[in-house]
Amino acid sequence: GIHDLEALADVKFTVGAVVPEDGLLVLNADDAMLRTKAAGIGRRFGHCPPLGWFAADADAPYLAAHRQNGGSTCGVRSGRLVVAHRGEEHDLGEIARMPLTVGGRASYNVANLAAAALSAVGLGVPAAKVAEVFGCFGERVTDNPGRLMRFEHAGVLVLVDYAHNPEGLAGLLEVASSLRRDGGRLGVVLGHAGNRGDRDIERLATTAAKFAPALVVIKELEGYLRGREPGEVPRILHAALLRAGLPGDALKMQSTELDAVRCALEWGRPGDVLALPVHGLAARATVLESLQN
């Protein structure tokens, strides 16, 4: 019965009911809907747990006001991640040196780190330990399996991710585009599960097209048809990409994820960047094994 983001936010706010008085409910201050709904937590649950707010800007008015009232916050100031908790402020380090941010390019992972920092200090983890972990976590491909994993393959930079909605794909492609070397092209593998509406599938294609990839390999998610006929989702993606202005010769169709990845790798040349959202567990294991050998 959940069909929109506002209803989904209401469901996720349920966790607030079990946060104790000495705990911390961590929320994204850059999301206007969350700021509005947070004001009603007390009425909904009969009490309001302590709130920890994070944002891209550590000194955004909402965060500054929350700190003045003794609240916990986390955000970026002068290129460094800063967390404030229980009246003390801690510098967690330069975001560009935190591997998960890919040199500061992955803004969504900066937000994830800010949320994780608040969660950690709220649980009693010393800020110095948080800074230590942030400075190395993500260096190994096994640290965050399936998320923004980076490989060099015959001079081509390959990003393997689990992006499966327009917002996630946009974040991945922003990073991928920024990593191209002079003359490098962008290639993308694109597919979608069948249990989404046509418009949702078309939005994914439109998002990919905004980054003007030189290649889009459209894949069949063979394990995720979920009521669709074979080839139906790829046809919707193909048509939407053409409407968005991509030339037909930039679009390739493949019947499996592995075939799609192989097609993209064969196309790539030194300096290119390939964004490979791979969703099937078996397919991902095969792809990762081949990229690490």
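Visitor: Let's start with the strands β1 to β5. In what order do the five strands sit in their open sheet?
Guide: This is a predicted model, and in it five strands make an open sheet with mixed pairing. Reading across that sheet, the order is β1-β2-β3-β4-β5.

Visitor: Which are the edge strands there, and what is the average twist?
Guide: An edge strand here pairs on one side only, and that is the case for β1 and β5 (88-94). Going from one strand to the next, the twist averages 20°.

Visitor: Do β3 and β4 pair in the parallel or the antiparallel sense, and which residue in β4 does Val76 stand opposite?
Guide: Look at β3 (residues 72-77) and β4 (residues 80-85): they pair over five bridges in the antiparallel sense. Now find Val76, and opposite it in β4 you'll see Leu81.

Visitor: What angle does helix α4 make with β2?
Guide: Helix α4 (residues 61-68) packs on this sheet and touches β2, β3, β4 and β5. Compare its direction with that of β2, and the angle is about 145°.

Visitor: And which strands does helix α6 lie across?
Guide: Helix α6 covers residues 127-134 and runs at about 15° to β5. The strands it lies across are β4 and β5.

Visitor: Let's pick a loop residue. Is Val19 buried or exposed?
Guide: Val19 is found in the loop between α1 (5-12) and β1 (25-28). Leaving out residues up to four places away in sequence, Val19 touches Leu24, Leu25, His47 and Pro49. Its relative accessible area is 13%, and buried means under 20%, so Val19 counts as buried.

Visitor: How many disulfides are there?
Guide: A disulfide needs two cysteine sulfur atoms within 2.5 Å. Cys136 is in none, as its nearest cysteine sulfur, that of Cys74, is 17 Å away. The count of disulfides comes to zero.

Visitor: Last stop, the largest pocket. What is its volume, and which residues are the closest to its centre?
Guide: The largest pocket has a volume of about 1,700 Å³. It is lined by 43 residues, and the closest to its centre are Leu5, Asp31, Asn165, Glu167 and Gly168.

Visitor: Which element supplies the largest share of that lining?
Guide: Several elements each give at least two residues to the lining, among them α1, β1, α2 (32-38), α7 (166-178) and α8 (198-209). The largest share is seven residues, and the element supplying them is α5.

Key:
Residues numbered from 1 in each chain as written. Predicted model: local features only at pLDDT ≥ 70, side-chain atom pairs only at ≥ 80, totals over all residues. Heavy atoms only, no water. Helix = DSSP H or I, 4+ residues; strand = E, 2+ residues; numbered from the N terminus. Buried < 20%, exposed > 50% of the residue type's maximum accessible area, 1.4 Å probe, protein only. Contact = heavy atoms within 4.5 Å. 1 Å grid on protein atoms, 1.4 Å probe; cavity = no way out; pocket = protein on both sides within 12 Å on 5 of 7 lines; lining within 4 Å. Points joined across faces, edges and corners; volume = space filled by probe spheres on them. Pairing = 2+ DSSP bridges. Axes fitted to C-alpha atoms, helices over the stretch in contact; angles between N-to-C directions.
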